[in-house]
Amino acid sequence: MQGLNDAQRQAVSHFEGPMLVLAGPGSGKTRVITERVRYLIEEKNVPPASILVITFTKAAAMQMRERYLSLCSSHSGGVRFGTFHAIFFMILKYAYHYTADNIVRDEVRYDILRRILHETDLEIQDEREFLNDLESEISRVKGERIELSNYYSPLCSNDVFQEMFQKYQSALGQRRLIDFDDMLVYCYELLEKRQDIRQMWQQQFRYILIDEFQDISKIQYDVVRLLGEPCHNIFIVGDDDQSIYGFRGAKPDIMKQFLRDYPNAGKCLLDVNYRCAQGIVQAAGRVIGKN
């Protein structure tokens, strides 16, 4: 752990059980995650294939993997790096034999929603804007696991929204297509209902590390909790001042929920900024000081 500060060293050397790492900008969180992976393998003899690292973008997953490989060239294989959607789709492929052809393309999804809209009596001014908003509302219902009957849409009456939602899902089902939100929902339902499949993946991934946890949605968190049982070796890194995915269901409050769900979780604050000069850090601190 040469070159790490005390807080980084504390985070890296956490072994078993849940752990929350609060990491501001420039605090070395990527290094903490990759060094922790190396620590688990080299110091604790954890098999690389038992480690799952989840990020929010494909680029971030690739960068994380490259950083890890530069550190651990002697045991480069086995550790799984991927986005939430990539990992969850992998689980669905195993159970349902999906391929990339089963993922609905943007133009097909838009055409389905447009046709459904034309079957209603709604009078709208801007069709494209309405359809974009409708897509967002459907995504919210799925991502937050809201009962359709309990959801109140700002776009139209509840009856009309429920009808359009159901027609959309039916159209996807008839073509054996799923959208990106379905990947999350179907993965949760699969793991919740199929104990044998759930246990198989729990035994596969005994250590789960998540980057940018402040951007997680409810459905993503629910799946992670299922995967993390019964060992609860869930290591999360995030900064609730940096959430950028609120438009698609991200909930920084889930970081607080994590501590309620895991009251014995370890906690660590990475408070040294290696990216900016001290004056910039102090000015930023004054701006957000009353958050």
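Strand 2 is mostly covered, since 5 of its 5 residues are buried, where buried means under 20% relative accessible area, exposed over 50% and partly exposed in between, with a 1.4 Å probe and protein chains only. This is a predicted model, in which local features need pLDDT of at least 70 and side-chain atom pairs count only at pLDDT 80 or more, while totals for chains, interfaces and linings use all residues. Residues are numbered from 1 along each chain as its sequence is written, and side-chain values use heavy atoms, with hydrogens and water left out.

In a regular strand the side chains alternate between the two faces of the sheet. In strand 2, I51, V53 and T55 point one way, whereas L52 and I54 point the other way, and all are buried. Strands and helices here are DSSP runs numbered from the N terminus, with at least two residues (E) for a strand and at least four (H or I) for a helix.

Strand 2 (residues 51-55) pairs with strand 4 (residues 207-210) in the parallel sense over 4 bridges, and two strands count as paired if DSSP finds at least two bridges between them. Within this pairing I51 stands opposite Y207, and V53 stands opposite L209. Strand 2 also runs parallel to strand 3, to which 4 bridges join it, and there L52 has R80 as its bridge partner.

Taken as a whole, the open sheet has 6 strands in the order 3-2-4-5-1-6, with parallel pairing. Strand 3 (80-83) and strand 6 (266-270) stand at the edges with a single partner strand each, so one side of each is left without a neighbour in the sheet.
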